[in-house]
Amino acid sequence: MDIFLILLSAILNGLSRLPFHCGWMGFISVIPLLCYFERGKKKGKILLRDAFIYNAAGLTIWLHWIWGVTAWGFIGIIVFYTIYYYLAFLAVQLIWQKLPRFKYIGFIVIMLSVQYLQNFTEFRFPWLDLGYSLTDYTVLLQAADIGGIAFLSLLLLVCNVLLYNILRSKYKNLIPLGLILILWIGYGLWCFKSVKLTKTDEHITIMQPSIPQNEKWETEHFDELFKRYNELTAQAAQDSTKLLIWPEAAMPTYLLRDHTRREMVQELCNIYHLDIFTGFPDVLPAPENYPGEAYYYNAATLFKPFQKYDEPYYKIILVPVGERIPYLKYFPFLWKLQFGQANWEYGPACRYFNSGNLTFSSLICFEIAFPELIHKMAFRNAGENKGGPPDKIDFLVNITNDAWFGRSVGPWMHGMMTKFRAVENRIQIYRCANTGISMAVDPMGRVLTQTKLFEIKNIKAPLYRADKVPLYYYLYRWPRLIILLALVLIVCALLNDKILFPSGKRLK
């Protein structure tokens, strides 16, 4: 029975993330897990087994496409998160046994902690947040401007707990559940009426060239590749484009060090009188004692007509193993490992670019999954206590290359994260993917336009700017502080009930 409950929870959780319009499963996917813990204490080996089953089943459903890119990477993800959830299951069981009055609060705090901790360390890979099951429910997404994806996950976890108790004939839970849903939906509807958007047709175009991954880095295909870029750029110019966005690593060369090909991009800007923002690899000299041959970066910058290119942005958060072996700095012997990764360097800081009268910042590939990084890009004074008004830029650009994922659900799942980041910061995001899915998402999380997978196409959308400063601007650091405080209190209570209850009565 325990294995059935674990599998059922994992399956519901996995299916809620896929483009089957089954996001409603996020409201019930945790209920089998609650039943699992209600059935009593399990030994450590059993919890480890069940944590593995939970991860292997759930991740296979919604992250199976990673296997096609890197089998070892997919296995690594299962192993890594099995450890995460094993520790989480241990903590939940301990709370369930020792602090039964706080078992639901403890369960929610632990599950949120597991999701939140995925944003840190060099193994960070935050794809598991329960809130992502709400992709199709734009009204419910509006609450993300209060506390981000963590707040949406919190609401879903609370709904799961309340539904679980209703199923156990505790019908008083219908009242708080109804209030939460009414307030949640009401807030979303209120946002659509109250958030004022200013529409400007700034002629921003996204190019989706759909260059096959197996041809992109072959020298003999460069002329054909650039011919396609030229044709799509000419089409954009005919459509009065002022800023044209190319995808991640669009130029398969160290562009800033390759005079010939850099001038080819510059010439397109000059001929068509438009700005081009593009991705490319970059290389800088490294000191003699550095283990690598040089400093390599996943980079992007802006080219303008008859001007020198801007200082490049270097990707700050790298894909674990795929772009860099974690902790090379502390374990130099890991440089000898080769799984086909590039071992890029971490970028030092956010960068801002100006095109005409507009200011934007860029993120590369899966950086779209990191709310705090995106928030710092959207608000140049985020986290600073200078007393001035929020310094919000005009829009964000996300360039990526999802060709690795083929025609799987990977590009869709990756792209839909754009909706959450747009709502959290009330900012428009232009997403440019080599093979798709490219899209423009407005500050309300609505997809204005998008491409199909492997479609060769330019798309454009008017720019919408929101006047509302989201509450998330002021609270974006609070989730981790609240979770940390709750964990400290729970640990203290487990160590000694008297810390919280001086009367000496144990909780039962």
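Over which residues does pLDDT stay under 50?

## Confidence and basis

That stretch is residues 498-504, for which the model has six contacts beyond four places in sequence, a contact being heavy atoms within 4.5 Å. The protein as a whole averages a pLDDT of 90, and 92% of the residues score at least 70; pLDDT is the predictor's confidence in each residue, from 0 to 100.

This is a predicted model, in which local features need pLDDT of at least 70 and side-chain atom pairs count only at pLDDT 80 or more, while totals for chains, interfaces and linings use all residues. Residues are numbered from 1 along each chain as its sequence is written, and side-chain values use heavy atoms, with hydrogens and water left out.

## The largest pocket

The largest pocket has a volume of about 1300 Å³. Of the 43 residues that line this pocket, the closest to its centre are Val319, Pro320, Val321, Gly322 and Glu323. A pocket here is an open set of points on a 1 Å grid over the protein atoms alone, where a 1.4 Å probe fits, with protein on both sides within 12 Å along at least five of seven lines, and lining residues have an atom within 4 Å of a point; the volume is the space filled by probe spheres set on the points, which are joined across faces, edges and corners.

Helix 4 (71-98) and strand 4 (275-284) are the elements that give two or more residues to the lining, and helix 4 gives the most, with six residues. Helices (H or I, at least four residues) and strands (E, at least two) are DSSP runs, numbered from the N terminus. By residue class, the lining divides into 29 nonpolar, 11 polar and three charged, where Ala, Val, Leu, Ile, Met, Phe, Trp, Tyr, Cys and Pro count as nonpolar, Asp, Glu, Lys and Arg as charged, and the others, Gly among them, as polar.

## Backbone sites in loops

The peptide bond from glycine 436 to isoleucine 437 is cis, with omega near 10°, and isoleucine 437 lies in the loop between strand 10 (428-433) and strand 11 (439-441).

Histidine 273, although not a glycine, has a positive phi of about 55° and sits in the loop between helix 11 (259-272) and strand 4. Cysteine 365, also not a glycine, has a positive phi of about 55° and is placed in the loop between strand 8 (358-364) and helix 12 (371-378). Histidine 273 counts as exposed at 57% relative accessibility, whereas cysteine 365 is buried, with a relative accessible area of 11%; buried means under 20% relative accessible area, exposed over 50%, and partly exposed in between (1.4 Å probe, protein chains only).
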